[in-house]
Amino acid sequence: MDLKALSRDELEREIVRLRAMGTEADADTTEGAMLRAQARYRALFEAIDDGFCIIGFIDGPEGPLSDYVHVEANSGYERHTGISDIVGKRLREIEPANADIWLELYGGVLRTGRAVRFEQEFKAAGRIIEVSATRIEPESLCQVAVLFRDVTARKLAESALRESESRVRDNIQRVQLAMAAGAIIGTWFWDVPSDHFTVDEGFAEAFGFDPQKGRSGLSLQEVIETVHPDDREGLIAAINEAIAQGGAYAHQYRTRRADGKFYWLEANGRVELAPDGTALKFPGVLIDIESRRAVEAERDRALVALRALNDTLEQRVEERTAALMQTEAALRQAQKMEAVGQLTGGLAHDFNNILAGVSGSLDLMKTRLTQGRIAEIDRYITGAQGAVKRAAALTQRLLAFSRRQTLDPKPSDINRVVAGMQDLITRSVGPAVAVETVAAGGLWTAFVDVGQLENALLNLCINARDAMPDGGRLTIETGNRWLDERTASQRGVPPGQYVSLCVSDTGSGMSADVVARAFDPFFTTKPIGQGTGLGLSMVYGFAGQSGGAVRIYSEVGKGTMICIYLPRHAGDQQEEEPPVENDPISASDTLGTILVVDDEPLVRMVAVEILEDLGYVVLEAGDGPSALKILQSRPEICLLVTDVGLPNGMNGRQLADVVRETRPELNVLFVTGYAENAVLNHGHLDRGMQVVTKPFSSETLARRVKDLIGGSA
């Protein structure tokens, strides 16, 4: 049988017939005939140039007959697809993205038994193939025979031809439209070897000579006679270059018309070269650009004027910017002074109340002593001490807001802190408020001053209580938080791991304006006399000084949640210190010599007398240099009690460092009314060092001194 005489459909049917004869024997088929059919099928199978394969439909995860496997394939399969070893591969394995398209095409053949022919992009092979497909009977085999060839080159050629024809049509249309619109004013054809120009009437008119002369033929020299003298040399050079190189040509120049005036035009053409590189033909068109050149000239004049305007504009912008910056600076200064005024006003109000209590108590004590009524003095002493404690608390809150309070941070379990305050919080908010705690499991350790954290938590709970005058629910929740760069930037902290402590209520909520000012010192929405306006500002400052942040989430009428974010502590958790007993301290059983250094005489006198009353030998100095001399001459001194802020070039920390170079065993108690964190190394003190903040009670000073002299650090 002549394979070339068979059509593709006949060829495919013959392959299918021979395969059936070679694989299915019956009573009328001899073994020899079956073998001959198999041999003929195999020869025909491999002899055809087209790709051929048999696919068998199978069930898959997507449902029944939702995939097929390549059962057989000839060598032409790889030639036409570039895919080798296709036998045994599933459709969804080689082309998962377009599997449904092929299943629909070949599935239709399997279901209906009707052969089909089509062209389809085979994306896995990157080719377009022409396919004919026939079902292999019986239908129960679920097999389809596929004969195909690669027609990518033909399809690309057809596409390129269509695009080329489209471009030609577009070019013709553009030329026609341009001529109809008057953009093209003339055409020429130059036979270069014979130097013979044939031009139309528009060309002749543009060059200012008789149209009849243009039809009879012109030479190059005759054509350029009317070109402007200034443009002639450039035109000849452009023509020579185009003739030498071939291809596209475009040049602008002026020609003199019949009215004696010169007008701008643009010549566009194309030089066709012979195989030896010599120029043969040079056709082209003329375009009137007089109006365009006039517009360009006007544009150039406008640009010059605009450039001059820009020079002065920059100066005007600079002046205006400077004025705006001055106005902005004045506004910032006004806002700063307003904030300072609010702060100082609040301070003056609260401290005047405190000073009135202290001054009044002292006056009454003096009066009662004069009257001999000593029994009543204790009452006034208690009142004065209470006022001093209120002043200390006020100062502590201000230092917390400004991030200058003295902190004593330690690795702490926030869940344990919350649990330890449960009873205090419940009593503080009252029976109308239900308190619920949600402690996160596996909570990270935070590095924080536990006492200040407890103050902050109590402040938040009391604020929540005040926002629920008719009762409600207060929830305290802890958690681990990962803050990415965007979230951390919104909170003003570095990205990383944080421990959160959130207090939420079901109260009245805050408006956006109130949230924006909630952390301002002395700002409060409570009636006069019912709030200092320092609670949230203290929480804000404490969180920032601890390396974290605080955030308010609130909606009017729906409640408020305030969250404190504290950095995770990477080291091991330490056991929290046991609470300090508040029992009075008696005179020391172990006498020792103490040096007290403070530049404030009254504070120094008080400290000296407190320690002398306890039985210590006390020396005193007013600055670092004089204290250093005493320490060098008195080796029996066992404790240095020094203010951090000292005059004359040496602060308390520097004094301690100098002394410890020669006396590393000397214990140091720092006294400060302002947290010089850089001096105190951000709360990280060496062994044998402690801090006490002003104002301090005699019991507090005595206890710290006894601890240090006793050897505990």
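## Charges over rings

The charged end of R257 is placed over the ring of Y263, 4.4 Å from the ring's centre. A second case is R293, which lies over the face of W264 at 3.7 Å from the ring centre. A charge sits over a ring if NZ of Lys or CZ of Arg is within 6 Å of the ring centre and within 35 degrees of the ring normal.

## Basis of the model

This is a predicted model, in which local features need pLDDT of at least 70, side-chain atom pairs count only at pLDDT 80 or more, and totals for chains, interfaces and linings use all residues. Residues are numbered from 1 along each chain as its sequence is written, and side-chain values use heavy atoms, with hydrogens and water left out.

## Aromatic pairs

The whole structure holds 16 aromatic pairs. Rings of Phe, Tyr and Trp (its six-membered ring) pair if their centres lie within 6.5 Å; planes under 30 degrees apart count as stacked, over 60 as edge-to-face and the rest as tilted. The ring centres of W188 and F282 are 5.8 Å apart and the planes stand at 70°, so this pair is edge-to-face. W188 belongs to strand β6 (residues 184-191) and F282 to strand β10 (residues 279-288), 94 residues apart. Strands are DSSP runs (E, at least two residues), numbered from the N terminus.

Both W188 and F282 are buried, meaning under 20% relative accessible area (1.4 Å probe, protein chains only). For F207 and F209, the centres are 6.3 Å apart and the planes at 45°, so the pair is tilted. F207 and F209 are both buried. Ring pairs join W188, W190, F197, F203, F207, F209, Y249, Y253 and F282 into a cluster.

Conventions: Helix = DSSP H or I, 4+ residues; strand = E, 2+ residues; numbered from the N terminus. Buried < 20%, exposed > 50% of the residue type's maximum accessible area, 1.4 Å probe, protein only.
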